[in-house]
Amino acid sequence: MAETEIDYGSVFKALPGMVALLTPDLVYADVNEEFVRLSGRSREQLIGNYLFDVFPDNPKDPTATGMRNLEASLYRVLATGERDTMALQRYDVEDPERPGEWQKRYWSPVNAPLLGSDGKVVLILHRVEEVTELIRARTGPPGNRGSKARVLEAELYTRARDLQELNERLRQAHSREREVALALQEAMLPAPRQVGHHRAAVRYRPAVGALNVCGDWYDLVDLVGGDRIGVAVGDVVGHGLRAAGVMGQLRSALSAASRVAAGPAQALDVLGRYAHVIDGAESATAVTTFIDCDRHVITYSSAGHPPPVLVHADGRTEFLDQATDTPLDARPDPIPRPQAETTFTPGATLVLYTDGLIERRREDIDKGLERLADALREHRDQDLETLADTVLSELLPPGGATDDTALIIVRL
């Protein structure tokens with residue numbers, strides 16, 4: 001049997017239940033036939049118009065929260081790229097035939113992201129089930145059965161409001177913990193400074209609207225014996241205050257080990273043994289580079305971390321991926337970690353980063369690495385601070401990433 005070409009536009013229009021497509025600016029891009037019928041609005045009143053201009057809160061009800069709750073849900077979808085299912089909402093609607101008169105309505109909304117090829121939210125699918133009749137169910141004449149229905153209505157709505165208030169308290173608690181964790185993170189990360197005769201640009205960007213923050217770190221140290229510096233980044237699995245605490249311990253341990261180790265592999269060996277006894281350090285990753293500016297040699301070793309990028313003075317990009325090993329706590333002690341070295345000429349740029357800079361949902365990591373190499377090659381002549389801002393601007397999604405990101409750039 002020959003395959004039948006599916007007209008997805010017709011499918012969308014015929015979907016059961018109310019379904020709308022919203023732009024990231026919360027403007028109606030399209031609605032199905034059921035949405036038009038049940039909302040009491042024509043397509044002309046919907047398409048191209050801002051959601052809350054079409055459906056504002058009831059101005060006669062000072063306690064109305066439907067608009068605020070829906071707006072918060074939609075912005076969560078934009079920030080996280082994840083589906084958001086809302087609790088039962090009372091959201092009154094103005095009668096289209098009697099302006100100024102508002103009808104009490106109850107809705108069960110679900111908001112889901114539609115992602116583009118770059119992983120960004122390009123549309124929000126806003127599906128709404130009206131449950132007004134269920135809430136107002138009246139079976140038979142007034143009496144015992146009707147009383148039970150009214151009790152059910154009150155209980156159902158009360159439970160939904162309780163759930164909504166609990167979710168809001170949890171979000172506020174998360175927001176407070178996030179602020180404390182970020183403050184701790186900032187206090188423990190080293191300030192931008194000159195190492196040896198070399199200037200570095202550093203950036204830390206927390207994930208937007210997500211718990212996944214405060215596990216990324218960077219470090220720069222002066223090494224003994226000539227014009228030598230150490231540059232490292234790492235990533236702790238986890239989030240919040242606990243991740244910030246583990247991050248601080250690992251960064252300090254690697255900083256100390258680097259000053260006495262014979263090379264980066266030995267420094268990571270020491271850090272790996274330390275990670276074994278730190279709760280929360282499971283599967284942590286790190287990469288460290290020892291840069292000898294007298295010999296123009298970079299020696300490096302990686303514990304499960306994305307490879308640094310060396311941008312040569314002529315624009316050629318080189319990923320330092322010849323000494324990649326397992327995460328910090330996953331290697332048996334007797335087996336030393338690998339390390340490798342490469343050479344550079346003055347004017348080269350070394351870039352270390354964490355995976356939040358390059359990873360995107362449902363995308364091969366090689367595409368992120370390619371984007372990074374292209375951006376560094378194109379803008380290699382910029383000063384370090386401008387280059388750091390440019391890289392973040394070009395690689396992070398406009399609304400922010402769902403994982404935190406550390407970036408350090410050194411001009412050699």
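Predicted model: local features only at pLDDT ≥ 70, side-chain atom pairs only at ≥ 80, totals over all residues.
Buried positions in helix 10 are G368, L369, L372, A373, A375 and L376. Viewed down the helix axis, the buried residues fall within an arc of 165°, and they therefore line one face of helix 10. An α-helix has 3.6 residues a turn, so residues three or four places apart point the same way. Turned away from the buried side of helix 10 is a face that carries the exposed residues K367, E370 and E378.

The cover over the buried residues of helix 10 includes strand 15 (309–311), strand 16 (317–319) and strand 19 (349–353), together with helix 11 (384–395). At the N-terminal end, helix 10 is capped by D364, which places a side-chain oxygen 2.8 Å from the backbone nitrogen of D366.

Attention may now turn to the aromatic rings. A pair of aromatic rings is described by the distance of the centres and the angle of the planes. With ring centres required to lie within 6.5 Å, the count comes to two aromatic pairs. In the pair formed by Y50 and F52, the ring centres are 5.8 Å apart and the planes stand at 80°, so the arrangement is edge-to-face; the cut-off for that class is over 60 degrees. Y50 is partly exposed, at a relative accessible area of 28%, whereas F52 counts as buried, at 6% relative accessibility.

Terms used. Residues numbered from 1 in each chain as written. Heavy atoms only, no water. Phe/Tyr/Trp six-rings, centres within 6.5 Å; stacked < 30°, edge-to-face > 60°. Buried < 20%, exposed > 50% of the residue type's maximum accessible area, 1.4 Å probe, protein only. Helix = DSSP H or I, 4+ residues; strand = E, 2+ residues; numbered from the N terminus. Arc of directions from axis to C-beta. Contact = heavy atoms within 4.5 Å. Polar contact = N/O pair within 3.5 Å; in protein donor to acceptor, adjacent residues only side chain to side chain.
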